[in-house]
Amino acid sequence: MDATGLKGRYDIHMDATAYMASPGSEGGGHMDVMSFLFTALQQQLGLKLESRKDKPEILVVDSVEKTPAEN
């Protein structure tokens, strides 16, 4: 859920090189994707991902029928 209050669409670019460990380090040399996203979003863009439970509004459509229109 977006709780930023920011309007519009944004093109963002994040540099992953600062978050990658050297090839000989533990863990295969790379930070896992989720850790990278949490860290990079906060450090580079000032956005913080927070985990919380919420009840989003959901609309379920069981079926749709179209009545034929006369020509």
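What volume does the second largest pocket have? About 170 Å³. The model is predicted.

## The second largest pocket

The second largest pocket is lined by Asp 2, Thr 4, Leu 6, Lys 7, Gly 8, Tyr 10, Ile 12, Leu 41 and Leu 47. Sorted by class, this lining has five nonpolar residues, two polar ones and two charged ones.

## The largest pocket

The largest pocket has a volume of about 340 Å³. Its lining draws on Met 1, Asp 2, Ala 3 and Thr 4, along with Leu 41. Leu 47, Lys 48, Leu 49, Glu 50, Arg 52 and Asp 54 line the largest pocket too. By class, the lining has five nonpolar, five charged and one polar residue.

Some residues belong to both linings.

## Asp 15

Now for one residue. Asp 15 sits in the segment before helix H1, which spans 33-45. Is Asp 15 buried or partly exposed? Asp 15 counts as partly exposed because its relative accessibility is 43%, between the limits of 20% for buried and 50% for exposed.

Which residues does Asp 15 touch, leaving aside those up to four places away in sequence? They are Phe 36 and Gln 44. Ala 40 lies 25 residues from Asp 15 in sequence. In space, the C-alpha atoms of Asp 15 and Ala 40 are 8.0 Å apart.

Technical notes:
Residues are numbered from 1 along each chain as its sequence is written. This is a predicted model: local features need pLDDT of at least 70, side-chain atom pairs count only at pLDDT 80 or more; totals for chains, interfaces and linings use all residues. Side-chain values use heavy atoms; hydrogens and water are left out. Helices (H or I, at least four residues) and strands (E, at least two) are DSSP runs, numbered from the N terminus. Buried means under 20% relative accessible area, exposed over 50%, partly exposed in between (1.4 Å probe, protein chains only). Contact means heavy atoms within 4.5 Å. On a 1 Å grid over the protein atoms alone, a cavity is a set of points where a 1.4 Å probe fits but cannot get out, and a pocket is an open set with protein on both sides within 12 Å along at least five of seven lines; lining residues have an atom within 4 Å of a point. Grid points are joined across faces, edges and corners, and a volume is the space filled by probe spheres set on the points. Ala, Val, Leu, Ile, Met, Phe, Trp, Tyr, Cys and Pro count as nonpolar, Asp, Glu, Lys and Arg as charged, and the others, Gly among them, as polar.
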